Amino acid sequence: MATITTSLNIATQPAVITSKSQPARLACPVRLNNPWNLGSRATNRMVNLRPVKATPEGVISDKVEKSIKDAEETCAGDPVSGECVAAWDEVEELSAAASHARDKKKAEGSDPLEEYCKDNPETDECRTYDN
Amino acid sequence: MAVSTIYSTQALNSTHFLTSSPSSTSSSSKQVFFYRRQTNRRFNTIITCAAQQTVVIGLAADSGCGKSTFMRRLTSVFGGAAEPPKGGNPDSNTLISDMTTVICLDDYHSLDRTGRKEKGVTALDPRANDFDLMYEQVKALKSGIAVEKPIYNHVTGLLDAPELIQPPKILVIEGLHPMFDERVRDLLDFSIYLDISNEVKFAWKIQRDMAERGHSLESIKASIEARKPDFDAFIDPQKQYADAVIEVLPTQLIPDDNEGKVLRVRLIMKEGVKYFSPVYLFDEGSTISWIPCGRKLTCSYPGINFNYQPDSYFDNEVSVVEMDGQFDRLDELIYVESHLSNLSTKFYGEVTQQMLKHADFPGSNNGTGLFQTIVGLKIRDLYEQLIANKATAPSEAAKA
């Protein structure tokens, strides 16, 4: 489930370019200006999608694990084929992505105030005074 | 682009402000000319304000080899922290700070992960990359035009919607193939290659991946082995084009060390590169072997060894500074810094200060951190020289 939600978010996120005042809010596919669809909203469980910061770490770890299994299977047949090499390359790419995600998480420190202030430095709680 | 033409008028004692007008000839900078003519003295003062000149740096290395660390050190030398573009795709690979923008060349993959799997090619293969687009966009950014750059999402393996990149003062392109395509190579003002030996690469990947569930020693080894042929064929040859190569090898101080904790790092600097003067030890062009540990400096095991010599690397004249060992204390670092020459520091102890600022980065206690920091300072020096040169050249040409 989580994977599907995430990929949906990425696909529908508009490329917000310059305006820094507006945080990028995801246009949930159901909440478009289609008043005739109001009736169907109640039945759609994916209405309250929160904006996602970035892909969570568990997702990447699962992908790494899965890709290693795939690579081992592919290479069991023919160790020098292009598919085998491409499979191990995918493992490498995902491992790198996982390690970057881990580093980012460590660097952030997961302090909720810091995270909030990174995106909203002008709010009262986040104002800093440097003389 | 635009070039301005100077019009002479008959008005007396007036200052004319001329803006650049589009014309058929192209030049890489927009210039604004002030033209003032006086009757009593027939001389013209022309002040030019060159628009931003983008300096392009290329950084090549295999994945998991310290590119990100290098990028963080480099942006720190220029000041400010590099962050992904705010409000954009959270999985963007781009980093933006005040002066620098770092673009990951993976964004120019022409085949996404499924495409590569179908064709059986790795990301290292040039067939998986769109070099035409890479060349066009780097050329545009260098000329001061913003581009819509695609985003390659490393998590999903898909190509996401493009993001707008404004031309920065310093553009760093990092990835597997910055120097592969000849046209892109010509656009680079400076290029660096991180050459990690196989043993060290293996040790680093173990450190990185053992924490990941699903990985085992065999899978890490298999991954490296499988990628090796493509790496040797496509990525490795780029090191002959690099202006600076940071080569990381296992240490020679500890016999049979296979943990990869102590490293021997060589900084190979090409001679004759414009605006780049290689670092040297004591006497430029001679061969020096230096062990700083002794009476004035006490080091703990295994100590530090330095070497400096001129050499030949792929038919190029180079100077090589080599460090084997580790720094344990601050005074070792400052002692070493005070004996190296041509570091392009702005004040005494700048290298040490930069290393300490990022003491938590990997390699901060050995040659990798030291040489990455030094290369960062060299790039800053190169940038300042380039900018100064561009500013003085038009005014000199105009004084006739």
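**Figure 1. B:Glu118 sits in helix α2 of chain B, which spans residues 113–119.** Helices here are DSSP runs of H or I with at least four residues, strands are E runs of at least two, and both are numbered from the N terminus. This is a predicted model, in which local features need pLDDT of at least 70, side-chain atom pairs count only at pLDDT 80 or more, and totals for chains, interfaces and linings use all residues. Residues are numbered from 1 along each chain as its sequence is written, chains are lettered from A and ligands numbered from 1 in the order written, and side-chain values use heavy atoms, with hydrogens and water left out. B:Glu118 counts as exposed because its relative accessibility is 66%. The cut-offs, for a 1.4 Å probe and protein chains only, are under 20% relative accessible area for buried, over 50% for exposed, and partly exposed in between. B:Ile165 is 47 residues from B:Glu118 along the chain, and their C-alpha atoms are 31 Å apart.

**Figure 2. Chain B meets chain A.** The contact involves 39 residues of chain B and 40 residues of chain A, with contact meaning heavy atoms within 4.5 Å. The two chains bury about 3,400 Å² between them, 53% of it on carbon and sulfur atoms. Buried area is the accessible area (1.4 Å probe) that two parts lose on being put together, summed over both. B:Val155, B:Glu212 and B:Arg213 supply 18% of the area that chain B buries against chain A, more than any other three residues. Between the chains, 13 residue pairs are in polar contact, both residues at pLDDT 80 or more. A polar contact is a pair of N or O atoms within 3.5 Å; within protein, one must be able to donate a hydrogen and the other to accept it, and residues adjacent in sequence count only if both atoms are side-chain atoms. On the side of chain B that touches chain A, at least two residues each come from α2, β9 (147–152), β10 (159–165), α5 (198–209) and α6 (217–235). α6(B) gives the most, with six residues. This side of chain B divides into ten nonpolar, 14 polar and 15 charged residues. Nonpolar covers Ala, Val, Leu, Ile, Met, Phe, Trp, Tyr, Cys and Pro; charged covers Asp, Glu, Lys and Arg; the others, Gly among them, are polar.

**Figure 3. Eight salt bridges cross the interface of chain B and chain A.** A salt bridge places a side-chain nitrogen of Lys or Arg within 4 Å of a carboxyl oxygen of Asp or Glu. The whole structure holds 30 of them over all chains. A:Glu92 pairs with B:Arg208, with the closest N and O atoms 3.2 Å apart. This pair runs from helix α4 (residues 82–108) of chain A to helix α5 of chain B. Both A:Glu92 and B:Arg208 are buried. A:Glu93 bridges to B:Arg113, also with closest N and O atoms 3.2 Å apart. A network of salt bridges links A:Asp89, A:Glu92, A:Glu93, B:Asp62, B:Arg113, B:Arg116, B:Lys201, B:Lys205, B:Arg208, B:Asp209 and B:Arg227.

**Figure 4. B:Glu212 and A:Arg102 form a salt bridge, 2.7 Å from N to O.** The pair joins two chains, because B:Glu212 lies in the loop between α5 and α6 of chain B and A:Arg102 in helix α4 of chain A. B:Glu212 has a relative accessible area of 4%, so this residue is buried. A:Arg102 is partly exposed at 23%.

**Figure 5. B:Asp189 and B:Lys142 meet in a salt bridge, 3.4 Å from N to O.** B:Asp189 lies in the loop between α4 (182–187) and β12 (190–196) of chain B and B:Lys142 in helix α3 (residues 131–142) of chain B, so the pair ties together parts 47 residues apart in sequence. B:Asp189 is partly exposed, with a relative accessible area of 23%.

**Figure 6. Three disulfides are found over all chains.** The rule asks for two cysteine sulfur atoms within 2.5 Å. In A:Cys75 and A:Cys84 the sulfur atoms are 1.8 Å apart. Their link is right-handed, with 105° about the S-S bond. A:Cys75 is buried at 13% relative accessibility, and A:Cys84 is buried at 2%. A:Cys117 joins A:Cys126, with 1.9 Å from S to S. Their disulfide is left-handed because the torsion about the S-S bond is about -80°. Both A:Cys117 and A:Cys126 are buried. In chain B, B:Cys293 and B:Cys299 have sulfur atoms 2.1 Å apart and a left-handed link, with -95° about the S-S bond.
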